[in-house]
Amino acid sequence: MKHFVNKYQYGPKEVEESMGAWWLRKYRIPLAALLAMFLVFAVCAAVTGNAVWLVPGLTGIFGFLMFIVRERQAVGREKENIVRTYHMSDPFMRVEIDHEIRTVVSNTRNSIPLAGVEGVIVTKHMIVLQLSHDMSLGLKKDSFERGTAEECLAFMKEQVEKNRKDRKEFSRKKRNKK
């Protein structure tokens, strides 16, 4: 069984990078729709020469700006939650991954089954695990004490694929049962 250990300070920069990546991944389809809406109306305005077409297109721009505001609010809430929970702004985090994911932050311990991993996002400095129930967990690439970022990424991608197949199989069996 593979075993990975990742230790790092979970500070404001890590929160912003991991939460920002998670938000972009989670809302990529609505963001693409807003952008497409703006572009369609902008093209209509250009083709017809009538600027009135830009008015509904501005809704797409306002939606995009609202996304940015909401993402910033979520990052701010996460930072506040960290201070409220751990009584510091950059707690030391230890993550172990083998047959499950175990986290230790200050004196708080949690475990997450590998079946709860739904996706993997890679950023400049982080590997962000998308977990069930709209949660995420960041791993700092340069902070692996056991294993490497590349090995962990490959392992987690395999796990995500396995979990997708398991969920499809479960859904198929559930449908056939009815």
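**Exercises on a predicted model**

N6 stands opposite F144 in β8. This is a predicted model, in which local features need pLDDT of at least 70 and side-chain atom pairs count only at pLDDT 80 or more, while totals for chains, interfaces and linings use all residues. Residues are numbered from 1 along each chain as its sequence is written, and side-chain values use heavy atoms, with hydrogens and water left out.

**Exercise 1.** Determine in which order the strands form the open sheet, and which strands are at its edges.

*Solution.* Begin with the terms: strands (E, at least two residues) and helices (H or I, at least four residues) are DSSP runs numbered from the N terminus, and two strands pair if DSSP finds at least two bridges between them. Strand β1, residues 4-9, pairs with β8 in the antiparallel sense over 2 bridges. Extending this to the whole open sheet, 5 strands follow the order β4-β3-β2-β1-β8, with antiparallel pairing. The edge strands, each of which pairs on one side only, are β4 (108-113) and β8 (144-146).

**Exercise 2.** Classify the ring pairs that F67 forms with W23 and with Y27, and state where the residues lie.

*Solution.* First apply the rule: rings of Phe, Tyr and Trp (its six-membered ring) pair if their centres lie within 6.5 Å, and planes under 30 degrees apart count as stacked, over 60 as edge-to-face and the rest as tilted. By this rule there are 7 aromatic pairs. The ring centres of W23 and F67 are 5.8 Å apart with their planes at 55°, so this pair is tilted. Because W23 lies in helix α1 (residues 12-26) and F67 in helix α3 (residues 54-86), the pair ties together parts that are 44 residues apart in sequence. Y27 and F67, at 6.2 Å centre to centre and 70° between the planes, form an edge-to-face pair. Ring pairs link W22, W23, Y27 and F67 into a cluster.

Next consider accessibility, where buried means under 20% relative accessible area, exposed over 50% and partly exposed in between (1.4 Å probe, protein chains only). F67 has a relative accessible area of 10% and is therefore buried; W23 is buried as well, whereas Y27, at 27%, counts as partly exposed.
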